[in-house]
There are 2 protein chains.
Amino acid sequence: MKGKARRYDAFVFFEGSEKKVEMVVSGVNLRGLGKAYWEDVVRQCRAEMISSISNDHVDAYLLSESSLFVWGDRMVMITCGATVLMQSILKLVEDLGRERMDSLIFQRKNEYDQSKQKSSFLEDVRLLREMVPGKAHRFGRLDGHHHFIFNLDRPYRPAFKDMTSELLMYHVEGEAAQTLCHGGREKGEEIRALLGLEKREGLMVDDHFFKPCGYSANAIEGPRYITVHVTPQEDYSYVSYETSLDVEGGYRGLLGGLVRSLRPDSFDLVTFDADLKEGFEDGYFKWDHVKENLSCGYKTEFFHYVSVCYDPRAPQAL
Amino acid sequence: MKGKARRYDAFVFFEGSEKKVEMVVSGVNLRGLGKAYWEDVVRQCRAEMISSISNDHVDAYLLSESSLFVWGDRMVMITCGATVLMQSILKLVEDLGRERMDSLIFQRKNEYDQSKQKSSFLEDVRLLREMVPGKAHRFGRLDGHHHFIFNLDRPYRPAFKDMTSELLMYHVEGEAAQTLCHGGREKGEEIRALLGLEKREGLMVDDHFFKPCGYSANAIEGPRYITVHVTPQEDYSYVSYETSLDVEGGYRGLLGGLVRSLRPDSFDLVTFDADLKEGFEDGYFKWDHVKENLSCGYKTEFFHYVSVCYDPRAPQAL
């Protein structure tokens, strides 16, 4: 998100690719731990809280690097840049006690530039496995876009319609992409409309335009959420759109529409118990598809779609 | 090439992706420097000589990590694994004198696992730019297969038909790929036939089967060469085929045939003054195409082709 240069530069490069943790716990009220506790969790991975919204179900925090959602019995935290999310996870497992963990899923996208990260996925998982047993997989090819997923290896049955859909778009193009990436605060209404975050009853939205560039939004509707993060830098632009809303309730159409509007050069779909694969094919070819029923009960799928290149481009000067 | 495990493993992982340097010099006879000198050059980057062949034009050395070719007025060195080719290049520039460099092109493929490399391309180039002026470009997207290319920024006119074609194939599949990757010495004749290295007048071939796996071959025909390197590990199999032979003289067909035989999941074509883009389209989509006339005179093109994924796969356990 945040970053000073639109051109790739070793010194101001900003990594948009995210790490994510989702925890379900019992015997403790996570919201009851209070904002100061969660501020401390966020600081562990070297991010900061920017703002928050709340409803009867969930507290949603915008972070300097992505987002945190806290319900009574679960939490989702997503961070980008050079944050070390594993440090926040280790603190939570230690503070809450591993016996309270019903489900724990740690996901890490391969980075644009892994050499600027403070740890690798395997190093992260080595630390976590000292505290809890788990399985780890790579979804996607080593030389293509891929996601590492660790899950607590403990019997668990996800709640009915506990679905998550992640749409991750690389190298967005065209007018809508320009507005989203460089429109700024004065285009706020247009940007929120593009993202399905228009004002409507029951939906609360909290968004932030970073200086000099970048955009993040959290939205909550009952217990469900949408979170959007935009890294606008031209050479590695990246838009992530994640939601736990029911894709049967119109979100499939919204996500397909986003791909048509933002015309990414390629994109990933990652789903947990959400059947979202159709409606994305126009102008794209499916280059990868991986699926697995995780031992913690979620049916997980990864798709990678690429567009076809018609015209030659110039190289990137370094 | 060399490697102990067929499955991805952090400890025995072998990086097949290559670094390459091509230098053209004047005022010094490179072959005349003798084998002991070139052994020293090779040791600088932490590789070793295995064997060699020679004809009237060129000495071709097989290395523990790829290949070295030495003519009177030029040299090409290709290394893989965790070698630091830049150390060999710096020694050559220092020993020979930068004023003797007519052309110097340093190319580096993005790695499967960059975190296991001892330097990045930008770090390599920072050292080189302390000795000679140069331009650097990235051919290909940061989040896809890409090649970094540095060239000495000095007027130069490549010789007539001084062409190079690189065909780099990722995740090879099927019967021919099995033979190439795991056939071993007893399938040597079949492997050489597949690669267009059958016995014929004027062609000298030197090949090596690594233990426990991996295959390399050098071939020379007059002043021109073919060099092939195979990393057979299933999760990141990689076959590189490079030649300075005239693609109009039948090599276009050979390279297209290799793609059809080895059925890579995706492949790159990189060409310097060689017009090689046609004949590869069957079953593949062109996902990237970058072209540039380098300031040292070579017309350089990069293509990346991907196959379409029809069936879902299982994830890779880690």
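1. Conventions. Residues are numbered from 1 along each chain as its sequence is written, and chains are lettered from A in the order in which they are written. Because this is a predicted model, local features need pLDDT of at least 70 and side-chain atom pairs count only at pLDDT 80 or more, while totals for chains, interfaces and linings use all residues; side-chain values use heavy atoms, with hydrogens and water left out.

2. The interface. Chain A places 49 residues in contact with 49 residues of chain B, contact meaning heavy atoms within 4.5 Å. The two chains bury about 4200 Å² between them, 57% of it on carbon and sulfur atoms, where buried area is the accessible area (1.4 Å probe) that two parts lose on being put together, summed over both. On the side of chain A, the residues that lose the most area to chain B are A:Trp287, A:Arg313 and A:Leu318, together 17% of what that side buries.

3. Salt bridges. Six salt bridges are found across the interface of chain A and chain B, the rule being a side-chain nitrogen of Lys or Arg within 4 Å of a carboxyl oxygen of Asp or Glu. A:Arg141 forms a salt bridge with B:Asp265, and the closest N and O atoms are 2.7 Å apart.

4. A helix pair in chain A. The axes of helix H2 (residues 85-96) and helix H3 (residues 121-129) of chain A come within 10 Å and cross at roughly 5°, which means that H2(A) is roughly parallel to H3(A) (angles under 35 degrees count as such). H2(A) contributes A:Met86, A:Gln87, A:Ile89, A:Leu90 and A:Val93 to the contact, and H3(A) contributes A:Asp124, A:Leu127 and A:Leu128.

5. A:Pro158. This residue lies in the loop between strand S8 (147-152) and strand S9 (164-170) of chain A, and A:Pro158 counts as buried because its relative accessibility is 15% (buried means under 20% relative accessible area, exposed over 50%, with a 1.4 Å probe and protein chains only). Leaving aside neighbours within four places in sequence, A:Pro158 is in contact with A:Asp273, A:Cys296, A:Gly297 and A:Tyr298.

6. Around helix H4 of chain B. B:Ala177, B:Thr179, B:Leu180 and B:Cys181 of H4(B) are buried, and just after H4(B) the residue B:Gly184 takes a positive phi of about 75°. B:Arg185 sits in the loop between helix H4 (175-182) and helix H5 (188-194) of chain B, and B:Arg185 counts as exposed because its relative accessibility is 58%.

Key: Helix = DSSP H or I, 4+ residues; strand = E, 2+ residues; numbered from the N terminus. Axes fitted to C-alpha atoms, helices over the stretch in contact; angles between N-to-C directions. Parallel < 35°, antiparallel > 145°, perpendicular 65-115°, else oblique.
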